[in-house]
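Subject: A structure for you to look at

Dear colleague,

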Amino acid sequence: MNDALRPGLRLERRVDGCALLVIDVPGEPVNTLSASFADEMSHKLDEIERDESIAAVVLVSGKPEGFVAGADLKLLSTLTTANAARELSRSGQAALDRIAKSRKPFVAAIHGACLGGGLELALACQGRVVTSDERTKLGLPEVQLGLLPGLGGTQRLPRLVGLQTALDLMLTGRQLDARRALRSGLVDEIVARPVLETAAVEHALRLKNGAVPERAPAFSKAALLELALARNPLGRKLVFDRARKETLAKTRGNYPAPIRILEVVEAGLAKGLERGLELESQAFGELVATPESRELIGIFFATNELKKDTGADDPSVRPVPVHKLGVLGAGLMGAGIAYVSTAFAKLPVRLKDRDEASLGKGLAYTRQILDGRVRSRRMSPAERDRLMSEITATKDYSGFQDIELVIEAVFEDLTLKQRVLAEVESAAPSAIFASNTSSLPLSRIAEQAAHPERVVGMHYFSPVEKMPLLEIVVTERTAPWVTATAVAVGKRQGKTVIVVHDGPGFYTSRILGPYLNEAAQLVAEGVPIELVDRALVDFGFPVGPLTLIDEVGIDVASKVGKILHYAFGARMQPPPAVEKLLADERKGRKNQRGFYVYGDDKKKKGKKEVDASVYPLLGVRPDQEPSSVEVAERCALMFVNEAVRCFEEGILRSARDGDIGAVMGLGFPPFRGGPFRYIDAVGVASLTAKLEAFARKCGERFEPSPLLVRMASEGKTFHGPERATPGEARRNSM
Ligand code: NAI
């Protein structure tokens with residue numbers, strides 16, 4: 001075959017005997033490894049072996065922005081059998097094995113993303129040189145897609161960086177910047193971007209001449225301990241037993257990939273590289289065929305699609321440029337928004353609050369987040385100081401005149417929000433007004449606005465600096481360019497953004513309401529608190545619903561609960577238990593009185609203690625023991641049924657948005673893909689039947705949404721070829 005048919009790899013010869021093997025997948029902004037990669041690589045390796053003038057090779061990317069981002073996931077999602085996936089892994093491994101065993105040394109020259117298959121390719125080389133650029137990131141994120149590294153990563157990484165580090169990287173999917181990669185022994189050298197190629201060539205030629213000394217062994221106490229552990233079978237067993245226990249405690253058996261990673265690494269260390277590679281392919285193939293992996297890859301694609309979504313239905317609508325941001329309220333949310341706006345969106349922020357004390361608190365909070373980054377060496381003190389100087393505090397609206405976007409995060413109070421909107425309309429006459437309300441209808445906030453077309457909701461989640469989702473809320477009157485601008489700013493702040501239509505509780509707060517109500521209802525029926533929480537954690541939520549109520553605040557949950565009850569009637573009625581708890585001055589963690597016991601003496605690591613005085617307060621004994629599955633389904637089905645209503649009413653623009661919103665905003669189990677993918681997987685008809693059974697047993701609140709009933713009879717799904725369309729109820733009522 002000639003080179004025109006193998007355009008992904010290009011061999012460039014140099015006079016010094018070190019050839020460049022350039023990876024440059026045509027027509028794509030980043031390199032990914034496709035099905036033909038192994039074949040292409042084999043041909044190039046033949047050519048390299050034959051050519052006497054080539055003494056060493058530097059593997060480098062032809063893309064300005066990155067090395068290799070990983071395997072082509074579109075390809076993976078088309079593989080239908082474990083065998084096909086195993087074969088793909090086998091052929092890739094074989095090509096990489098030839099690099100690893102080549103007489104002519106290979107050195108990877110890495111700038112930008114070097115992830116998954118990209119890092120495995122680099123691991124097969126004899127040396128790795130990286131740029132100091134902050135975009136340079138190395139990691140094996142396969143576990144996040146329900147997979148394991150299938151191109152030798154599970155075998156080569158532990159042999160290079162040691163068992164503990166390798167397990168940490170593979171089990172978390174964590175990415176390392178250049179400095180951390182050097183410290184862990186993953187790479188040999190860090191250089192400035194312009195000299196990457198030269199440095200890699202020099203490294204390769206030194207390797208050829210046998211002039212590169214063995215890397216100095218790390219003699220720290222921890223490193224010695226690790227060596228001792230990894231080298232003797234008994235020590236290894238200890239490490240793996242502990243890792244397996246920790247992994248199962250974290251995943252509750254819901255994610256097969258981490259356990260397979262441990263198994264394959266352990267077997268490879270015991271039985272040798274060859275056998276390890278075989279087992280790796282086997283496990284890779286089996287994991288590709290699991291529903292967990294399919295759902296996680298689904299989330300990955302959906303998130304990527306959202307990155308390209310402008311948020312406006314008309315794709316020709318453009319956002320207006322935003323150069324400066326106003327934030328009202330320097331509380332928990334306002335300070336977090338100020339942080340993501342400067343640190344990620346690179347926008348100067350004018351932060352307004354009522355008094356100096358509140359401003360001081362807000363600035364201190366932002367500074368605390370930045371200090372954390374400095375401590376973990378992800379930011380220099382100078383950069384921290386520069387970012388802090390980008391946030392200027394004010395008690396009035398000075399400096400707001402030319403601001404294009406103001407985000408308010410003042411108290412959750414309709415009159416107050418309407419008042420600050422009016423103030424912003426006069427202080428920043430051309431600005432977009434975005435509200436971070438978590439429950440107030442946006443149309444009410446915009447009621448008296450002079451420019452309702454410039455009012456939008458930007459609903460962040462707490463803590464803003466950590467939570468990945470931003471829910472943008474639009475009313476009938478919000479102008480498309482305003483939506484597009486809010487979406488664009490949200491993306492710059494590093495968020496995954498969904499756009500939903502206005503309505504009580506929007507999407508996320510609305511579906512959370514009946515879920516939390518049901519959890520409280522279970523306790524009121526005498527189901528032990530810990531049983532309820534454990535059932536939902538086993539189902540896959542990161543924390544149980546009662547823990548969540550304590551964290552959010554029983555008073556806050558009750559306030560939102562009342563709004564939803566008022567709007568949607570009986571099915572959203574909070575159980576009387578909530579009022580009884582409030583009457584007992586229980587607000588949750590914030591006043592150290594809730595479903596659990598708080599306080600210094602309870603800070604002991606490990607288990608939280610249930611506050612048993614809740615039961616007599618509710619007039620019950622915790623002696624009911626329904627199955628964990630029943631408890632989980634009662635709560636989860638209230639959640640997904642409400643999500644379907646949001647779809648039906650056109651609150652959601654798509655099932656995709658509903659899935660991502662629930663997973664990223666509310667912690668719906670990622671391996672279930674989101675509420676809509678979950679319904680598809682369970683089957684619309686059987687889910688509807690379950691809801692009907694609960695409705696008979698527990699009450700009408702479980703009545704399946706009309707759309708579900710219709711879909712069950714029509715055989716439609718949310719993501720399949722015969723799909724339901726969002727907003728049917730909205731269109732019918734127009
Ligand atoms: P917070 O009580 O921590 O902060 C509110 C801040 O607004 C205070 O610093 C207060 O002094 C300031 N403020 C009051 N009136 C003001 C005015 N006229 N001008 C400027 N500043 C004023 O409240 P938090 O938790 O930050 O919440 C703010 C908003 O964000 C609320 O609407 C809340 O519903 C919403 N939200 C809260 C979430 C949370 O988990 N805390 C999550 C999502 C949204």
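Predicted model: local features only at pLDDT ≥ 70, side-chain atom pairs only at ≥ 80, totals over all residues.

Residues are numbered from 1 along each chain as its sequence is written, and side-chain values use heavy atoms, with hydrogens and water left out.

The protein is divided into domain 1 (3-289), domain 2 (325-501), domain 3 (504-626) and domain 4 (629-734), with bounds that come from an automatic or database domain assignment. Between the C-alpha centres of domain 1 and domain 4 there are 41 Å.

Now to the cavities. Rolling a probe the size of a water molecule over the atoms shows where empty space is left. A cavity is a set of points, on a 1 Å grid over the protein atoms alone, where a 1.4 Å probe fits but cannot get out, and its lining residues have an atom within 4 Å of a point. Grid points are joined across faces, edges and corners, and a volume is the space filled by probe spheres set on the points.

The structure holds two cavities of 30 Å³ or more. The largest cavity has a volume of about 50 Å³, and its lining includes Val424, Glu425, Phe433 and His451. By class, that lining divides into six nonpolar, one polar and two charged residues, where Ala, Val, Leu, Ile, Met, Phe, Trp, Tyr, Cys and Pro count as nonpolar, Asp, Glu, Lys and Arg as charged, and the others, Gly among them, as polar.

The second largest cavity has a volume of about 30 Å³, and among the residues that line it are Leu306, Asp309, Val487, Arg653 and Asp657. The largest share of this lining, three residues, comes from strand 18 (residues 496-501); helices (H or I, at least four residues) and strands (E, at least two) are DSSP runs, numbered from the N terminus. The lining of the second largest cavity has five nonpolar, one polar and three charged residues.

Asp309, one of the residues lining the second largest cavity, sits in the loop between helix 13 (291-308) and strand 11 (325-328). Is Asp309 buried or exposed? Asp309 is buried, because its relative accessible area is 15%, and buried means under 20%, exposed over 50% and partly exposed in between (1.4 Å probe, protein chains only). Leaving aside neighbours within four places in sequence, Asp309 is in contact with Val487, Lys491, Arg653 and Arg656, contact meaning heavy atoms within 4.5 Å. The side chains of Asp309 and Arg656 are also joined by a polar contact of 2.9 Å, that is, a pair of N or O atoms within 3.5 Å, of which, within protein, one must be able to donate a hydrogen and the other to accept it, with residues adjacent in sequence counting only if both atoms are side-chain atoms.

Val143 lies in the loop between strand 8 (137-139) and helix 5 (153-161), and is buried with a relative accessible area of 11%. Ser102, in the loop between helix 3 (82-101) and strand 5 (106-110), counts as buried at 15% relative accessibility, and its side chain reaches the backbone oxygen of Lys104 at 2.8 Å.

With best wishes

Technical notes:
1 Å grid on protein atoms, 1.4 Å probe; cavity = no way out; pocket = protein on both sides within 12 Å on 5 of 7 lines; lining within 4 Å.
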